[in-house]
Amino acid sequence: MTTYPVRFLLNGTPVEVDVAAQDTLLETLRNKLWATEVKNGCGKGDCGCCAVLLDGRAVNSCLTLAVQANGKEVVTVKGLGNEDDPHPLQESFIRKGAIQCGFCTAGMIVSAKSLLDENPRPSPDEIREAVSGNLCRCTGYKKIIEAISDAAPKCSPSD
Amino acid sequence: MPEKQHPANDHPPVDVVGRSLPRCDAADKALGNTKYAEDYFLPGMLYGKVLRSEHAAAKILSIDTRNAEKLSGVRAVMTAKDVPHNETITRFGQTHTVGGFEGLYRILADKKVRFMGEGVALVAADTPAIAEEAARLIRVDYQPLPGVFDPFEALKRGAHRVGEESSNLVCYYKVRQGDITEGFAASDVIVKNTYRVPFQEHAYIEPEAGLAWIDDDGVINIQVCTQVIEHYREIADVLGLSYNKVRVKGTWIGGGFGGKEDITVETYLALLTWKTKRPVKMAYSREESIICHGKRHPYIMTYKTGATREGKLMALEAKLVSDAGAYVYLSPWVLLYSTVGAAGPYKIPHVKIDARTVLTNNTFSSAFRGFGVPQVCFAYESQMDELAERLHLSPLELRRRNYLRKGEATATGYVLEHYAASPEAAEKALEALGEKTKSKSPAVKIGRGIGSSMTSYGRMVFLHDTSRSYVGMELDGSVTVRCGVQDLGGGQASSLAQIAAEILGVSMADTRVFIADTALTPIAGTTTATRQLYMSGNATSMAAKEVRKNLLDKAGEILGAEPGDLDLRDGIISVMNDPSRSVPLNTVVRACASSGISLFHIAQFNAPARELVDFKKGQGQVFPDFTFGTHAAEVAVDVETGKIDVLKLAACFDVGKAINPQAVEGQLEGGTIQGMGYALLEDVILDKGITLTPSFSEYLIPTSLDAVDVRCILIESGDGIGPFGAKGVGEPSLVSAAPALANAVRDAIGAGIPDLPLTRNAS
Amino acid sequence: MTQMEYAKPRSFKELDGIFESAKGPLRFIAGGTNVVPDLRAGTISPRLLVDLSGLKEMAYIREVKGEIAIGALSTISDILASRVICDKAPLLFQAARHLGSPLTRNRATIGGNLADASPAADTAPSLLAMGAMVHTRRRRGKERTIPLDRFFLGPNKTILAKDEIITRITFAKPKDPSRGRYLKLGLRNAMTISVASLAVSLEPEGSSFGGARIGLGAVAPTPVRAYLVEKKLASGAMDPKNIEACAQLITKEISPISDIRASADYRKRVVAVLFQRAIQAAVNGGTP
């Protein structure tokens, strides 16, 4: 099988991986780079739990070919913060009870981050719009919207 | 009557219980650290794949696996003949034997397929792509059969027989209370209608997945997202192994809602790892998940309800028919819930219920949040509004005149032993909607509705349900809980931590819960039936109190005080009236350890146990207790396009005691929006058994732009039978949302819609 | 298992080179939101994937001499972020807001939305209503300009040759951008395939509907213009009676299907409603 070497920055670290033409970024992140925080929920762009930032914009990694990430920057929820230095969005999701099963959370936070980078003080309606590609089956969305609202003033563009 | 157990009520909450603390699993989930079932890998791991039937009904004439076996990288191909015990009976997660509910359960189709998506063969291969290719290379020679897809057709003489039994009727339950003829004769107003509700898909965001391997002791280990780790016994039965040779370890689950209650990937994984002696992983695609797992039962419900001029309910007659789909699974249980719940939270002297569930060649139906109650709730709550209209009473007033109160008997003759919050909940839910929205256009009509329900928590009492929990103090003063609960995302693990922390005077951060491992955690039963907080919460509370007792006894010795005068909080034991006399918890723990005093306890909580009810008359206690509540909704209906916009939703429930108010709200908010999806847009569409909605492009659930902020009102009566007087809310939170919305639409457009989803009727 | 190759030309010259050496069927990909699911489902299995996203000269939105030009690689998010589109072509802005979700809009391109030729393509009704032209390029620089209403041939079928790509979409800047309205009806409020969608653009002349253009989605095998209605509108007065008559006519001009989302009858009914609402909004200057 023909494979293609792909290099990109994953959460700030350069990675290099050989992929087939049709391999998606999602499969590659999960199965070759062990970035399993990126979830596989539908494989066709219907649920948003595979969302990552691709050059700063939230996209479905299941709809992006791995080869198309070549030379770009990919950020997952783990690239936003960690135990020692969580991102304000992560803190708010924890504190506001915005997480139940947690399977949508990684994608949800990525979409929220993409929003806040463009619009630092979004209205609740703008937040609802921004996460409208991220399905959640547990929470009814209320606490997710609240958590993003709550995090907004605490975020700086560098976060 | 066995004594009632309220194991935690003598310990009023102080520090931890009752507070909206972040759940113990939240941080790892937010940071992306939590591993779910598909996130595990083992060296040498194979990938499993199921070949599924494309026919809904067909004979299998032959299966030729030779080409698949020849494909390079294929390690195993299995069909029904390779399964040691391919046919077993459904007895899922049960420890007490009750007759009359079992159905055939078949691992792989043999000679006949009964629904589209039924497993026909298994493959294990080096890569997912090879496994898929191998599945394609298996030649199955089918002879299509006509099949039967409508439960009424299936009941007719001469109908296609779905299974091997002589009839497609799975079971038939009755309730007979009073004299129905007399009841209608005494009624001034009678309403009658037939209601239809569709298949509903759980649509958890995590598809089914698991990983199995054989460990150094020859034990088959299966790590899987399941609501029932106790399936290990059924899995062992299939393989013909003793029960201690199969271990199921549950992962953090990406949503269950009943859909991960039946066995999914685990038997397939066990078979493939047993055959290949290698680790095997299997993950369903979304399409596979939707096609092959059980759904909420569609029901056709004919209701007739009579009341006096004064609005007193006199008689209710209901005929329920549910579509069980192709295998029995949990249909008899679900039907029993519907039967017992068919008359709702109302006092009605004359009741007659006839309930049947029927096999068809549709996708099988099984457990789904609410378990047969949302269907009947939609029907009886529609009847209430139809009656209210005829009686010129407000929907609230009619209900208020008929709600069951504590001490009154349900249609099945069970006298309510605890506070029944219906009147209070209904008023508060409606009030929470605030001022009525004004329409901005003549084409848009605004309407409001309510839906009330009583929903059980805890399993049926004739199942003699039990749960166990281990609570132990570590030498550093931290607390370990071991409990076989499965955490679906509802906070099942965290609430145990909160309870143990409260009783042992430590913080949540110092409490660790190990869950869901049949080898290492005490068996705690299924995470279903809104039972874990009630059952395992009580068991954890009992165990924690035993440990607490030992600690206080020792501390009393050290402090020279009576144990009863001591207070334990924030890691310090002190004399209540003289806090200057205190000792750190750590010191007491070490003192106990030195003097051989036990620092752990395993407690077993037994739910009240009763004998099986009589299904000819349906009289007796079926459930340990109920949760009462009401949903209220305000909608805007565009009468020109049929589009329904939900403007407001409120949910008011008596939760007994909110162990974690934020988590309880989360349940109410999520359940309500799931109920909103059921009301408005969710519909698994089958055409002669073939799924036309196999992905989230066709099967639509609410997005953030469809949902509204659910206004939650928690009533805390303290009169539940869970720890600290808590009741369960997981399932109740969904049950009455759909009828509230349907009644709001009725209010808006002046006519009721008897079928769900409501939007389907417009389009 | 299919053996698939991948190429990402950085220039038209490189693209021509790929055409010369290609063996077997090729497929273009840009944002991937349509192509990747098709690959996954196995409904397409090309020998070669040609990734157009390296042709940077095709990502722009500009206004030149009264004409708005949108490079085919512009994403739907680019369109939503464009002042030019927001101020001067709100009809397209409104449509873009209803396409998928932000996650898909950040990848999906306008060229891809048209080339995929879904009957429900979200940007098509507005572009049709603005009289858009599709500019294409074949190997060796052969270019042509196709009016959008001649571009679609059927569900997922276009007039494009195998070696032909969309380079840009152009349309004359609407004279009065407020005289347009796009309406979409789906089963939910985000990530929803249209049950019916409609765009109306007016260029009122005195008291007549002269220059009315109507684009429709999800009610025929392709996105379509409602020519008969446009003609009838223009020939009558700008009054409720004419609108009502045209609403009747529009149900006859379309040929919707019944599917899992809606019945043909329902689609006809709601198109008439959407039409009346959109016209009214366009008359009022954009507000419904």
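What share of the 763 residues in chain B is buried? Buried residues come to 66% of chain B, where buried means under 20% relative accessible area, exposed over 50% and partly exposed in between (1.4 Å probe, protein chains only).

A word on the ground rules. This is a predicted model, in which local features need pLDDT of at least 70 and side-chain atom pairs count only at pLDDT 80 or more, while totals for chains, interfaces and linings use all residues. Residues are numbered from 1 along each chain as its sequence is written, chains are lettered from A and ligands numbered from 1 in the order in which they are written, and side-chain values use heavy atoms, leaving out hydrogens and water.

**Chain B overall**

Chain B has 18 helices and 30 strands; helices (H or I, at least four residues) and strands (E, at least two) are DSSP runs, numbered from the N terminus. Its radius of gyration is 27 Å, close to the 27 Å that the globule rule gives for 763 residues, so chain B is as compact as a globular protein of that length. That radius is taken over C-alpha atoms, and the rule is 2.2 Å times the number of residues to the power 0.38. The C-alpha trace spans about 80 × 75 × 50 Å along its principal axes. Of the contacts (heavy atoms within 4.5 Å) with a separation of 6 or more, 81% join residues 24 or more positions apart.

| Helix | Residues | Contact residues |
|---|---|---|
| α16(B) | 661-680 | B:Thr672, B:Gly675, B:Met676, B:Tyr678, B:Ala679 |
| α18(B) | 737-749 | B:Ala737, B:Ala738, B:Leu741 |

The residues of this contact divide into 6 nonpolar, 2 polar and no charged. Ala, Val, Leu, Ile, Met, Phe, Trp, Tyr, Cys and Pro count as nonpolar, Asp, Glu, Lys and Arg as charged, and the others, Gly among them, as polar. The axes of α16(B) and α18(B) lie 7 Å apart at an angle of about 55°.

Elsewhere in chain B, B:Ser331 belongs to helix α9 (residues 331-341). B:Ser331 is buried, at a relative accessible area of 0%. Leaving aside residues up to four places away in sequence, B:Ser331 touches B:His297, B:Ala324, B:Thr357 and B:Ser365.

**Over in chain A**

Helix α2(A), residues 88-95, is mostly covered, with 6 of its 8 residues buried. Those are A:Pro88, A:Leu89, A:Gln90, A:Ser92, A:Phe93 and A:Ile94. They pack against α3 (105-118) and α5 (142-151) of chain A, together with α1 (26-31) of chain B. After α2(A) comes A:Gly97, with a positive phi near 70°.

Definitions and conventions. Axes fitted to C-alpha atoms, helices over the stretch in contact; angles between N-to-C directions.
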